[in-house]
Amino acid sequence: MSGAARRSWQRCDACGHEIDELASETRCPACSGLLEIVHARPVLRGDQLKQQFSAASATAQGAAGSGVWRFREIVLPTATAPVSWPEGNTPLLERAAVQQWAACPGLLLKHEGMNPTGSFKDRGMTVGVTQARRIGATAVACASTGNTSASLAAYAAHAGLPALVFVPSGGIALGKLAQSLAYGARTLLVRGDFDDCLRLVEEAQRELGVYLLNSINPFRLEGQKTIVLELLLQLGWQSPDWIAVPAGNLGNTAAFGKALREAKALGLISQVPRIAAVQAAGAAPFAAAFSGDFAVRHRVRAETVATAIKIGDPASWDRAVRAIRETNGVALAVSDAEILEAKAVIDASGVGCEPASAASVAGVRQLVSEGTIRPDERVVAVLTGHVLKDPGMLLRYHQEMDPPPARANRPIEIEADLRAVAGVLREW
Ligand code: F0G
């Protein structure tokens with residue numbers, strides 16, 4: 001490949017083979033390894049680059065108001081017509097009740113549920129669907145535990161591309177399934193789990209020619225890097241000590257590692273935060289491997305209430321290992337009970353999130369209690385999805401009687417008269 005003027009290209013993580021930015025493969029054609037996007041160094045560095053990022057609007061229409069395309073110099077500099085909602089520009093929140101529960105006074109919440117389809121996936125999807133259009137894809141597809149499919153459905157509709165989504169039948173939250181149908185994706189309920197769906201969609205890509213937009217697609221990760229870039233910008237480029245993120249297929253963990261590596265190299269930050277990748281105990285192959293210094297790749301049959309991260313054989317394994325190693329990070333597992341308790345605390349603080357998202361805060365509490373996170377450290381926990389994603393689980397939690405969960409807020413049915421209301425107030 002002649003390299004003189006190229007801005008971005010794709011390189012295999014495993015064998016180093018390089019392919020053009022506009023090649024349609026989503027795995028290395030030489031060895032089937034995962035690809036990474038490499039960008040030529042932007043002209044600006046350090047403070048000047050920060051100024052360029054800060055100058056972008058958060059209120060303009062389309063891509064000009066996007067919290068992803070604000071960083072286009074290090075996301076996809078050559079894209080001329082982004083398919084943007086716009087997305088990103090999510091809040092960084094401080095809530096005393098959550099800090100107290102986690103025993104972490106320096107805890108902030110980065111709420112990615114405040115994206116257009118209610119999860120962080122929109123940040124990757126705006127880049128992925130933009131790329132699908134650039135390479136002339138005629139149809140796009142993904143396997144999903146529900147959020148990727150909701151996001152793909154919305155962005156494909158925006159781009160005018162047919163979308164095919166593969167989800168585990170009976171295995172995804174109600175709000176997510178509803179979104180996929182509403183936005184018009186052809187929705188396949190696969191009799192199997194997420195890992196079966198991913199295998200199937202990769203076969204469909206090879207045999208049937210659809211463009212794959214799971215997070216093995218490296219363009220997705222370029223967009224997801226902006227979660228980290230944006231929180232750093234919100235903190236005035238003063239790195240927190242830790243970033244905690246729920247981990248399933250490990251796309252985000254990998255994207256965070258890449259974002260931090262690049263931010264350091266470009267002089268945007270001087271200190272690299274440590275990444276804490278938090279899995280659900282019933283779906284924790286990465287946390288198990290971390291305990292053994294990643295000597296072996298683990299696979300499990302996944303089981304957890306947090307259906308978004310119910311994944312037994314994560315695809316972005318090697319690049320997530322690199323992210324943890326390079327940031328002196330950790331991987332850990334929290335139980336479903338801890339996830340549900342963290343979620344109830346986050347919800348009752350008025351913030352709200354979906355079950356998988358609460359794993360990050362449950363993970364922070366565990367790391368504080370075992371002394372890995374010190375009480376004076378600054379931590380950003382990423383809330384990956386919106387509270388309304390999983391209403392079925394929420395109603396079960398708050399109406400459960402056998403036994404009632406400690407933080408349940410049961411609805412009270414009454415006769416339509418004032419005495420009944422007064423009775424409720426007396427017992428309050
Ligand atoms: N949190 C939420 C709400 C998610 O939907 C996901 C992944 C994760 C965390 C984990 O992120 O896979 O990058 O480690 N959801 C994917 C999906 C698998 O299909 O929606 P990850």
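Which backbone nitrogen does a side-chain oxygen of Asp417 reach at the start of helix 14? Select Asp417 and Arg419 to find out: the oxygen comes to within 3.1 Å of the backbone nitrogen of Arg419. This is a polar contact, meaning a pair of N or O atoms within 3.5 Å; within protein, one must be able to donate a hydrogen and the other to accept it, and residues adjacent in sequence count only if both atoms are side-chain atoms.

Before moving on, a word about what is on your screen. This is a predicted model, in which local features need pLDDT of at least 70 and side-chain atom pairs count only at pLDDT 80 or more, while totals for chains, interfaces and linings use all residues. Residues are numbered from 1 along each chain as its sequence is written, and side-chain values use heavy atoms, with hydrogens and water left out.

**Stop 1: helix 14**

Now select residues 418-427, which make up helix 14. Helices (H or I, at least four residues) and strands (E, at least two) are DSSP runs, numbered from the N terminus. Of the 10 residues in helix 14, the number buried is 1, so this helix lies largely in the open. Here buried means under 20% relative accessible area, exposed over 50%, and partly exposed in between (1.4 Å probe, protein chains only).

**Stop 2: the ligand**

- Lys121: a polar side-chain atom lies 3.0 Å from a nitrogen atom of the ligand.
- Asn147: an N or O atom in the side chain is 2.8 Å from an oxygen atom of the ligand.
- Asn249: a polar backbone atom is 2.8 Å from an oxygen atom of the ligand.

How much of the ligand's accessible area does the protein cover? On its own the ligand has 470 Å², and the protein covers 99% of that. These areas come from the Shrake-Rupley method with a 1.4 Å probe; for residues, only the protein chains shown count as cover.

The ligand sits in the largest cavity. A cavity is a set of points, on a 1 Å grid over the protein atoms alone, where a 1.4 Å probe fits but cannot get out. Sitting there means that more than half of the molecule's atoms lie within 2 Å of the grid points.

**Stop 3: two cis peptide bonds**

Most residues other than glycine have a negative phi, and most peptide bonds are trans. With that in mind, go to the loop between helix 1 (46-55) and strand 4 (92-93), where you will find Pro86. The peptide bond from Trp85 to Pro86 is cis, with omega near 10 degrees. Then jump to Pro403, in the loop between helix 13 and helix 14. Asp402 and Pro403 are joined by a cis peptide bond, with omega about -10 degrees.

**Stop 4: two positive phi values**

Return to the loop between helix 1 and strand 4 and pick Asn89. Phi of Asn89 is near 55 degrees, a positive value in a residue other than glycine. At 28% relative accessibility, Asn89 is partly exposed. Asp293 also has phi near 55 degrees. Look for Asp293 in the loop between helix 9 (285-291) and helix 10 (317-326); with a relative accessible area of 57%, Asp293 is exposed.

**Stop 5: buried residues**

Finish with Val245, in strand 10 (residues 242-246), which is buried at 0% relative accessibility. Leu394, in helix 13 (residues 391-399), is also buried, at 16%.

Key:
1 Å grid on protein atoms, 1.4 Å probe; cavity = no way out; pocket = protein on both sides within 12 Å on 5 of 7 lines; lining within 4 Å.
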